[in-house]
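Here's a quick briefing for anyone meeting this structure for the first time. Have a look at it, then read on.

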Amino acid sequence: MRTAIIKFPGTTCEMDVLKALKLVKADAEIVLFNKFDPDHYQGVVLPGGFSFGDYLRAGSIAANSEAIKGVKEMANEGKLVLGICNGFQILVEAGILKGALLPNLNLRFVTKWVWLRVKRKDTPFTKESKDVLFMPIAHAEGRYFLDDEESASEIAVLQYADERGVPTSEANPNGSLMNIAGITNEGENVLGLMPHPERASFRSISPNGSSDGLHILKVFGG
Ligand SMILES: NC(=O)CC[C@H](N)C(=O)O
């Protein structure tokens, strides 16, 4: 799939995303935010990092860019939109996904590998996924919050869990509501997640040889 990986000033993960998308044979390229034309693409990825230095709140400045207007158009047209970590923060700041990503409960930057329960498999991103995935997180503002528990439970796609896929409070690294690690929109064509699938794509450099991130990224393949 013709896929754009949008780079803002401060984005850091675009090369890793590009390499992982090449593994799944996506027709992907990195595009600077001020050069992005949504009509050229069927899919878009907002990678992780620190867009505009995480000033104000992580993702808030990028969310107000022309590029994100284009991403909103793509989302409304049913095209695939994936936001990873800072990309997820941008999607919620832009109102493309519901809720907010607050500072981690311990007010620290947390970096570790986590197990994830795939709660919903009726999204294009997860329909052929395993039930439990192993991926790393690395963030300071990842505590998912929504002022409506019922909708939060409906839109939750991924939850921090134990090795067997059971969401427990011990497995919650940042204090997210209902252990939420990733959510979708009403059309299910947008996914935002705090864990980094691109960092769990190369068996040779993953603990346990995890390439579980490809379960999410392969939707852009072909
Ligand atoms: N890995 C990232 O994308 C960093 C996320 C974000 N800027 C934070 O610290 O919360």
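How many of the 8 residues of helix H3 (residues 86-93) are buried? The count is 8 of 8, so to speak a mostly covered helix; buried means that 20 or more other C-beta atoms, placed from the backbone, lie within 10 Å of a residue's own. Keep in mind that this is a predicted model: local features need pLDDT of at least 70, side-chain atom pairs count only at pLDDT 80 or more, and totals for chains, interfaces and linings use all residues. Residues are numbered from 1 along each chain as its sequence is written.

**The sheet**

- Nine strands, in the order S2-S1-S3-S4-S11-S10-S9-S6-S7, make up an open sheet with mixed pairing; strands are DSSP runs of E with at least two residues, helices are runs of H or I with at least four, and both are numbered from the N terminus.
- S2 and strand S7 (132-139) sit at the edges with a single partner strand each, so one side of each has no neighbour in the sheet.
- Going from one strand to the next, the twist averages 25°, with axes fitted to C-alpha atoms (for helices over the stretch in contact) and angles running from 0 to 180 degrees between N-to-C directions.
- S1 and S2 run parallel and are joined by 6 bridges; strands count as paired if DSSP finds at least two bridges between them.
- Ile 5 has Ile 30 in S2 as its bridge partner.

**Helix H1**

- Glu 14, Asp 16, Val 17, Ala 20 and Leu 21 are the buried residues of H1 (residues 14-23).
- Looking down the axis of H1, these buried residues fall within an arc of 160°, so they line one face of the helix; the arc is that of the directions from the helix axis to the C-beta atoms.
- They pack against strands S1 (2-7), S2 (27-32) and S3 (43-46), plus helix H5 (213-217); contact means C-beta atoms within 7 Å.
- Just after H1, Lys 25 has a positive phi of about 65°.

**Helices H2 and H3**

- H2 (residues 66-76) lies across S1, S3, strand S4 (80-84) and strand S11 (190-193), at about 130° to S4.
- The cover over the buried residues of H3 includes S3, H2, S4, strand S5 (100-102) and S11.
- Gly 95, which follows H3, has a positive phi near 80°.

**Around the ligand**

- Gly 48, Cys 85, Asn 86, His 139 and Glu 141 come nearest among the 13 residues around the ligand, where near means a C-beta atom within 6 Å.

Terms used. A residue is buried if 20 or more other C-beta atoms lie within 10 Å of its own, exposed if 12 or fewer, and partly exposed in between; C-beta atoms are placed from the backbone. Two residues are in contact if their C-beta atoms, placed from the backbone, lie within 7 Å.
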